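Please read them alongside the sequence and the coordinates.

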Amino acid sequence: MIKRSKYSYEATLSKLQERIVAAGNTIFDTIDQAAAAKEAGLELRPTALILFGNPKVGTPFMDAFPMVALELPLKLLVWEGSEGVEVAYVAMSEIAARYGVTALDGPVAAIDAALERLTGSIV
């Protein structure tokens, strides 16, 4: 899923991080990929990856379906493109389908709804 933010790159990152924490989640890391590229002598448009989640929600998925741990914590990719700031993520329903997750339809739908609310707050 990709959405265009109505805010600047810096404001988008800040607003998303604030809302992630306000919703009771933990931000495990924010990787400034443009800074990493610069350290390697390369140039990259402003780009960051926010890794976040809630262990109370994610742990049951990883316990029942260990391969889901390849996708968790959840991630938001934020970058500044030629037409504005974009935010992308993979829906939990896509992750669940990829790894054959069953009997967790309610939690999957709840995570998808939370991701929609979170990213909807910047469009």
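1. The lining of the largest pocket divides by class into 15 nonpolar, five polar and two charged residues. The model is a predicted one, and the volume of this pocket comes to about 470 Å³. Among its 22 lining residues, N25, F52, G53, N54 and L74 are the closest to the centre.

2. As for where the lining comes from, α5 (105-120) gives the largest share, six residues. At least two lining residues each also come from α1 (9-22), β3 (47-53) and α3 (55-64).

3. The largest nonpolar core has 28 residues, and F61, L76 and M92 are the members that touch the most others. At least two core residues are supplied by each of α1, β3, β4 (74-81), β5, α4 and α5. In soluble globular proteins, nonpolar side chains tend to be buried together.

4. Which residues does L76 contact, leaving aside neighbours within four places in sequence? They are L16, I20, A48, L49, I50, F52, V87, A88, Y89, L118 and T119.

5. V90 sits in the loop that runs between β5 (84-88) and α4 (92-98). V90 has a relative accessible area of 34%, so it counts as partly exposed. Not counting residues up to four places away in sequence, V90 touches I95, R98 and L115.

Notes:
Residues are numbered from 1 along each chain as its sequence is written. This is a predicted model: local features need pLDDT of at least 70, side-chain atom pairs count only at pLDDT 80 or more; totals for chains, interfaces and linings use all residues. Side-chain values use heavy atoms; hydrogens and water are left out. Helices (H or I, at least four residues) and strands (E, at least two) are DSSP runs, numbered from the N terminus. Buried means under 20% relative accessible area, exposed over 50%, partly exposed in between (1.4 Å probe, protein chains only). Contact means heavy atoms within 4.5 Å. On a 1 Å grid over the protein atoms alone, a cavity is a set of points where a 1.4 Å probe fits but cannot get out, and a pocket is an open set with protein on both sides within 12 Å along at least five of seven lines; lining residues have an atom within 4 Å of a point. Grid points are joined across faces, edges and corners, and a volume is the space filled by probe spheres set on the points. Ala, Val, Leu, Ile, Met, Phe, Trp, Tyr, Cys and Pro count as nonpolar, Asp, Glu, Lys and Arg as charged, and the others, Gly among them, as polar. A nonpolar core is a set of buried Ala, Val, Leu, Ile, Met, Phe, Trp, Tyr and Cys residues joined through side-chain atoms within 4.5 Å.
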